[in-house]
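Here is a friendly briefing to read alongside the sequence and the 3D view. Please keep both at hand as you go through the topics below.

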Amino acid sequence: MAENPLVSVVMGSDSDLEIMNETAKVLEDFGIPFEIDVTSAHRSPARTGEFARTAASRGIKVIIAGAGGAAHLAGVIAAETTLPVIGVPIPSTPLNGMDSLLAIVQMPAGIPVATTAIGKAGATNAGILAAQIIGLSNTSVAAKLQQLKAKLAKSVEEKSQKLQQLRKRS
Ligand code: RP5
């Protein structure tokens, strides 16, 4: 665990870890110190409330919360802090994450939660979005974000060339 984390990654259960590890990988790549833990809106409401109320005073700048099912974790955290909160819908129930997506995205006016896509893509994007927020005041992270854009564009160029070569051969 990083000494002075800037981002806090929490999830409703340890069964969410496989997906939330995608967020951790992104933050590691960006060199952003983060903490990662389990806390549940329903099973440990007191722990979750305490976490949300004290996060800003501990130096946290962004909170990422992944949860599945009736996924209230990101919302109840957002209710208790003025830090930006990003919610990741986890596909952990027979409804495959549609339940989590709607629970996270349909926040009432006044309590915003930035909601990502369901599953691993969403967990990756939560890490990048947190990096974009940190990057507003951190030139090293901002430079890495530019590198990521360049890398993504290059990968499309390569895919395009590969496809044209395949078409020439057929
Ligand atoms: C949610 O319930 C968690 O975020 C998890 O996605 C889901 C199932 O949790 P477990 O029963 O595996 O602990 O609160």
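What percentage of the 170 residues of the protein count as buried? The answer is 41%, where buried means under 20% relative accessible area, exposed means over 50%, and partly exposed is in between (1.4 Å probe, protein chains only). Please note that this is a predicted model, in which local features need pLDDT of at least 70 and side-chain atom pairs count only at pLDDT 80 or more, while totals for chains, interfaces and linings use all residues. Residues are numbered from 1 along each chain as its sequence is written, and side-chain values use heavy atoms, with hydrogens and water left out.

**Overall layout**

- The protein has six helices and five strands; helices (H or I, at least four residues) and strands (E, at least two) are DSSP runs, numbered from the N terminus.
- Read from the N terminus on, the order of elements is β-α-β-α-β-α-β-α-β-α-α.
- The C-alpha trace of the protein spans about 65 × 40 × 30 Å along its principal axes.

**Around the ligand**

- The residues around the ligand are G12, S13, S15, D16, R43, A67, G68 and S92, where a residue is near a molecule if one of its heavy atoms lies within 4 Å of it.
- Sorted by class, this shell holds one nonpolar, five polar and two charged residues. Here Ala, Val, Leu, Ile, Met, Phe, Trp, Tyr, Cys and Pro count as nonpolar, Asp, Glu, Lys and Arg as charged, and the others, Gly among them, as polar.
- S13 has a polar side-chain atom 2.6 Å from an oxygen atom of the ligand. A polar contact is a pair of N or O atoms within 3.5 Å; within protein, one must be able to donate a hydrogen and the other to accept it, and residues adjacent in sequence count only if both atoms are side-chain atoms.
- For S15, an N or O atom in the side chain is 2.6 Å from an oxygen atom of the ligand.
- D16 also places a polar side-chain atom 2.6 Å from an oxygen atom of the ligand.
- The ligand taken alone exposes 360 Å², and the protein buries 69% of that; accessible areas come from the Shrake-Rupley method with a 1.4 Å probe, and for residues only the protein chains shown count as cover.

**Salt bridges**

- The structure holds six salt bridges, each being a side-chain nitrogen of Lys or Arg within 4 Å of a carboxyl oxygen of Asp or Glu.
- One of them joins R58 and E35, whose closest N and O atoms are 2.9 Å apart. R58 lies in the loop between α2 (45-55) and β3 (62-68) and E35 in strand β2, so this pair ties together parts that are 23 residues apart in sequence.
- R58 is partly exposed at 39% relative accessible area, whereas E35 counts as buried at 14%.
- R47 and D37 meet through their side chains in another salt bridge, at 2.9 Å from N to O. Because R47 sits in helix α2 and D37 in strand β2, the pair ties together parts that are ten residues apart in sequence.
- R47 is partly exposed at 45% relative accessibility, and D37 is partly exposed at 41%.
- E80 and R53 form a salt bridge as well, at 3.0 Å from N to O. E80 is in the loop between α3 (73-79) and β4 (85-90) and R53 is in helix α2, so this pair ties together parts that are 27 residues apart in sequence.
- E80 counts as partly exposed at 36% relative accessibility, and R53 counts as partly exposed at 47%.

- L95, M98, L102 and V105 make a nonpolar surface patch of about 370 Å². Patches are made of residues with over 30% relative accessible area and no salt bridge: like charges are joined within 9 Å, nonpolar side chains (Val, Leu, Ile, Met, Phe, Trp, Tyr) within 5 Å.
- V105 belongs to helix α4 (residues 98-105) and counts as partly exposed at 39% relative accessibility.
- S100 is in helix α4 too, and it counts as buried because its relative accessibility is 0%.
- The side chain of S100 reaches the backbone nitrogen of G69 at 3.3 Å.

**A loop glycine**

- G31 is found in the loop between α1 (17-30) and β2 (34-38), and it counts as exposed at 53% relative accessibility.
- G31 and V141 are 110 residues apart along the chain, and their C-alpha atoms are separated by 7.7 Å.
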